[in-house]
Every structure is written in C-alpha cells, then in structure tokens.
Amino acid sequence: HTNPLPNPTNDASAIAKKLEEIGFEVTLSLDFSQKEMEFALADFGDAALLADVALFYYAGHGFQLKGESYLMPIDAELKTENRAKIENVKLELVLDYLDDAKKLGVVLIDACRSNPLFTRLPSNSRAITRGLALVDTQGKNLFVSYAAGPGREALDGVEDEKHSPYAQALIDFLGKEQDISLTFREIRAKVSKVTNGQQIPMVEEHLSGGQYYLT
C-alpha cells in the first residue's frame with residue numbers, strides 16, 4: 001500500500017549470510033504478510049527453545065502506537081488506529097519468543113525508517129509516532145539493539161548503497177570474537193560516524209554477569 005523500501009531485502013539477505021558464516025542456523029523470510037510473519041515467528045519461537053543463542057533481525061517499517069512498538073508486514077493499510085493495532089506485529093511478541101533461548105536472545109531492529117503510510121491515517125491522529133519505543137528487558141536475558149534512538153528515524157541508505165548504515169555496520173562487526181556489548185559499541189560508533197551523528201543506535205539490556213559471544 002505504499003512504495004517499497006529499496007534496501008530491506010538486501011539488508012536481510014546480507015545479514016542472513018553473515019550469520020550463517022559465524023555459525024547460526026538461519027531462516028530468511030522476505031516480504032511477508034501479517035499471517036506469514038506470525039507463523040514464521042511462532043516457528044522461530046519453537047526453534048529458540050532448543051537454542052543456546054537465538055537472534056532475530058528485522059529490516060523494514062516500524063512505528064509506535066500509544067507506546068507500543070509494531071513491525072509492519074507488506075499487507076498493512078493503516079487506515080485507522082484500531083486497524084493498525086491488528087494489522088501489524090507487536091515487537092513484544094518477538095521478545096517473548098527470544099526470551100525462551102537457553103542462554104541469550106538477541107533482537108536487532110532496523111525498523112525506524114520514514115513511513116509514508118502515516119499519511120493514510122486521519123489528520124487528527126496523534127497516537128501513532130515515528131520510530132520505536134524502547135522495550136523493557138528487565139529480568140530477561142535479552143539484548144535488544146535499535147538502529148536509532150527512541151522516536152528517531154533510521155536512514156535506509158543512499159541510492160548507490162546496497163545496505164542501510166546500521167545493516168552495513170552489523171555486517172562489518174558481527175563476526176568479531178569479543179563480548180557482544182563491545183561489538184555493539186563499535187557498531188554504534190560506526191553508524192554515528194557514517195551518518196555524521198544523524199543516527200545513533202541504542203541498546204536495551206539487563207544481562208546477568210559474565211560475557212556473551214555471538215561466534
């Protein structure tokens with residue numbers, strides 16, 4: 001119901017390849033409807049039960065609605081606020097599935113991109129907000145990284161680039177054999193540098209003691 005974003009398919013495919021290179025078993029899902037997203041997430045949640053580390057990456061449209069963060073399937077219309085609630089997938093659902101991993105759940109959200117679908121909502125609508133809200137990871141062994149800060153938009157990349165700045169930084173740094181917190185500090189610095197400070201990724205986590213590795 002809008003012009004497609006140029007880079008999310010490239011981003012997801014490249015991240016899938018990178019994760020396979022560093023030892024993950026990967027399921028790649030592209031251009032899914034709401035039902036396809038929900039079934040894919042349910043299957044992913046079943047797989048996460050058996051995994052030491054489960055990682056979810058999403059590229060595409062995302063938005064806040066009354067403080068809740070949503071990921072947008074390709075068939076969402078956003079004609080009204082109430083329709084938006086049932087047409088899109090809550091980010092909290094993803095976290096619920098990832099929290100079932102044995103050691104660590106990692107959620108990477110490159111979903112704060114400028115959204116032309118906002119123009120489809122009534123002009124008096126104020127509940128829908130650009131960007132995403134931070135989720136609560138208190139008491140959960142989850143590491144959540146956002147391409148941009150709460151309420152801020154992330155860049156999709158310029159025409160001659162295949163990937164968003166955040167996706168490219170993930171590709172560059174995910175394979176490093178070091179604690180995940182250090183890796184994402186480097187990712188934050190890289191994205192901030194290439195966007196001249198316009199975009200600064202954020203992390204939300206309350207991990208227990210020790211170090212965590214993705215390789």
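Is D31 buried or exposed? D31 is exposed, with a relative accessible area of 54%, where buried denotes under 20% relative accessible area, exposed over 50%, and partly exposed the range in between, computed with a 1.4 Å probe on protein chains only. The structure is a predicted model, in which local features require pLDDT of at least 70 and side-chain atom pairs count only at pLDDT 80 or more, whereas totals for chains, interfaces and linings use all residues. Residues are numbered from 1 along each chain as its sequence is written, and side-chain values use heavy atoms, with hydrogens and water left out.

The protein chain contains six helices and eight strands. These elements are DSSP runs numbered from the N terminus, with helices being H or I runs of at least four residues and strands being E runs of at least two. Of the 215 residues in the protein chain, 48% are buried. Among contacts in the protein chain with a separation of 6 or more, 70% involve residues 24 or more positions apart; a contact here means heavy atoms within 4.5 Å.

Four strands form an open sheet in the order β1-β5-β7-β8, and the pairing is mixed. Two strands are taken to pair if DSSP finds at least two bridges between them. The edge strands, each pairing on one side only, are β1 (53–59) and β8 (202–205). On average, neighbouring strands of this sheet are turned by 10° against each other, with direction ignored. Such angles run from 0 to 180 degrees between N-to-C directions, and the axes are lines fitted to C-alpha atoms, for helices over the stretch in contact.

Within the sheet, β1 and β5 (residues 104–110) run parallel and are joined by seven bridges. Y57 has L108 in β5 as its bridge partner, and A59 is likewise bridged to D110 in β5. Strand β5 is also joined to β7 by five bridges, and these two strands run parallel. I109 stands opposite Y146 in β7. Seven of the seven residues of β5 are buried, so this strand is largely enclosed by the rest of the structure. L104, V106, L108 and D110 point one way from β5, while G105, V107 and I109 point the other way, and all are buried.

Helix α4 lies across β1, β5 and β7 (142–146) and runs at about 155° to β5. Helix α5 (residues 165–173) also lies across β1, β5 and β7, running at about 140° to β5.

Packing between helices was examined for α2 and α4. Two packed helices are described by the angle between their axes and the distance between the axes. The axes of α2 (residues 34–48) and α4 (residues 91–98) come within 8 Å and cross at roughly 25°. That crossing makes α2 roughly parallel to α4, given that angles under 35 degrees count as roughly parallel, over 145 as roughly antiparallel, 65 to 115 as roughly perpendicular and the rest as oblique. On the α2 side, L41, A42, F44, G45 and A48 meet L93, V94, Y97 and L98 of α4. By class, the contact of α2 with α4 comprises eight nonpolar residues, one polar residue and no charged residues. In this classification Ala, Val, Leu, Ile, Met, Phe, Trp, Tyr, Cys and Pro are nonpolar, Asp, Glu, Lys and Arg are charged, and the others, Gly among them, are polar.

G62 has L71 in β3 as its bridge partner. Both faces of β2 are covered, with G62 and Q64 on one side and F63 and L65 on the other, all buried. The two strands form a hairpin with two residues between them, and K66 lies in the turn with a positive phi of about 50°. At 57% relative accessibility, K66 counts as exposed.

Most residues other than glycine have a negative phi. A positive value, near 55°, is found for D31, which is placed in the loop between α1 and α2. In helix α1 (residues 8–21), D11 is buried, with a relative accessible area of 0%. The side chain of D11 reaches the backbone nitrogen of S164 at 3.2 Å.

How values were computed:
A polar contact is a pair of N or O atoms within 3.5 Å; within protein, one must be able to donate a hydrogen and the other to accept it, and residues adjacent in sequence count only if both atoms are side-chain atoms.
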